Amino acid sequence: MNAPAAMQAMVLDAPHRPLELRSLPVPSPGPGEVLLKVRACGVCRTDLHLVDGELPEPRLPIIPGHEVIGEVVAGGEGTPQFPPGRRLGVPWLGWTCGECEACRSGRENLCERARFHGYTLDGGYAQFLCADARYCFPIPPDIDDAHAAPLLCAGLIGFRSYRFCRDAGPALGIYGFGAAAHILAQIAAFEGKQVFAFTRPGDRAAQHFARQHGAAWAGDADETPPRPLDAAIIFAPAGELVPTALAAVKPGGVVVCGGIHMSDIPSFPYRLLWQERVVRSVANLQRRDGEEFFPLAARAGVRTEVELFPLEEANLALDRLRAGRLSGAAVLLPG
Ligand SMILES: [Zn+2]
Ligand SMILES: [Zn+2]
């Protein structure tokens, strides 16, 4: 297909303002880039942090969205690997320099000059976007567009968090059971882990949702799990969960903070960290995370729960996410 001249996009002009539906020129792909027609774009908590002014120095105005499933419409010079019609996923990490110390030491996720879709590069809350082909992922054919979209960040960042727990014992705690957790719990269960899901106290619906998606046990975040945990991942952006999770993991256990933003961590007694417990964060993703994750998600038969919204209802989807009134992931369809 040929791209039209104009497209609809939801644009953020400044934090604390609703996104605005606008007609913009369809971008044209530069060397090494592909132009994609967006088929679906997931709504990630990071988009909420962006809109709520919790991320430093976004490029403004910006089109949010970094869980994009699209179809190649045209390729710039040097992209023969992705002919028109090919379905690709576009994640958060959109470009790295390849030259800085982080890039040269195999840690492109920490590149000093990295660019990110929906933050410093335009994202998928639009009918079309351009993406550097080197950072796009082929998506297994057995997952449809809307259900594949949340894999691009919720899935990938969850998997990167899981990498740091994978070699620990079988008891894995997950604090905050939303989009990332419901994907990761299925992967972890597929690999033989016993998943303990912790939700906001009293959130029976979320606990039921967790048990439906791979959790062996689900309870309140302030509950003591029925057995000590080998590792824990915190997806909820609540710093007070760090000492809570540390208290639940065994000596030598790791607590991984999977979010890009978290409220302040309260002070806690050293004995919670003592005995070689570790607290760490994960940042962004590396391309090799995706190369491993997407085939694994297909093998594990991961099912994502999605709520569909038309593109122009992106503000409603963000409001629902902010209010905790989504089970699973919101996905925008540009129509
Ligand atoms: Zn770099
Ligand atoms: Zn994200």
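I began with strand β11 (residues 194-199), which is mostly covered, five of its six residues being buried. I took "buried" to mean 20 or more other C-beta atoms within 10 Å of a residue's own, "exposed" to mean 12 or fewer, and "partly exposed" to lie in between, with C-beta atoms placed from the backbone. Helices (H or I, at least four residues) and strands (E, at least two) are DSSP runs, numbered from the N terminus.

I noted that this is a predicted model, in which local features need pLDDT of at least 70 and side-chain atom pairs count only at pLDDT 80 or more, while totals for chains, interfaces and linings use all residues. Residues are numbered from 1 along each chain as its sequence is written, and chains are lettered from A and ligands numbered from 1 in the order in which they are written.

**Entry 1: the sheet**

I looked up the partners of β11 next. Five bridges join β10 to β11, and the two run parallel; here Ile 174 has Ala 197 of β11 as its bridge partner. β11 is also joined to strand β12 (residues 215-220) by five bridges, again in parallel, and Phe 198 has Gly 219 of β12 as its bridge partner. Two strands pair if DSSP finds at least two bridges between them.

I then traced the connections. β10, α5 and β11 form a right-handed β-α-β unit, and β11, helix α6 (residues 204-212) and β12 form a right-handed β-α-β unit. A crossover is right-handed if, with the strands pointing away from the viewer, the path from the first strand over the helix to the second runs clockwise.

What is the order of the strands in the open sheet? I read it as β12-β11-β10-β13-β14-β15, six strands with parallel pairing. β12 and β15 stand at the edges with a single partner strand each, so one side of each has no neighbour in the sheet. Neighbouring strands are turned by 20° against each other on average, direction ignored. Within this sheet, five bridges join β13 to β14, which run parallel, and Ile 233 stands opposite Val 256 in β14.

**Entry 2: helix α7**

I found helix α7 (residues 241-248) mostly covered, with six of its eight residues buried. These are Leu 241, Val 242, Thr 244, Ala 245, Leu 246 and Ala 248. Their cover includes β10 (171-175), β13, β14 and β15 (278-281). A contact requires C-beta atoms, placed from the backbone, within 7 Å.

**Entry 3: helix α4**

Helix α4 (residues 154-163) is also mostly covered: I found nine of its ten residues buried. Among the elements covering them are α5 (179-190), β13 (229-234), β14 (249-257) and α8 (287-299).

How do the axes of α4 and α8 cross? They come within 10 Å and cross at roughly 110°; the axes are lines fitted to C-alpha atoms, for helices over the stretch in contact, and angles run from 0 to 180 degrees between N-to-C directions. The two helices are therefore roughly perpendicular, a label for 65 to 115 degrees. Gly 155, Leu 156, Phe 159 and Arg 160 of α4 meet Asp 289, Gly 290, Phe 293 and Ala 297 of α8.

**Entry 4: Cys 44**

I located Cys 44 in the loop between β3 and α1 (45-51). Why is Cys 44 classed as buried? Cys 44 is buried because 28 other C-beta atoms lie within 10 Å. Not counting residues up to four places away in sequence, Cys 44 touches His 66, Glu 67, Cys 153 and Ala 154.

Terms used: Two residues are in contact if their C-beta atoms, placed from the backbone, lie within 7 Å. Angles under 35 degrees count as roughly parallel, over 145 as roughly antiparallel, 65 to 115 as roughly perpendicular and the rest as oblique.
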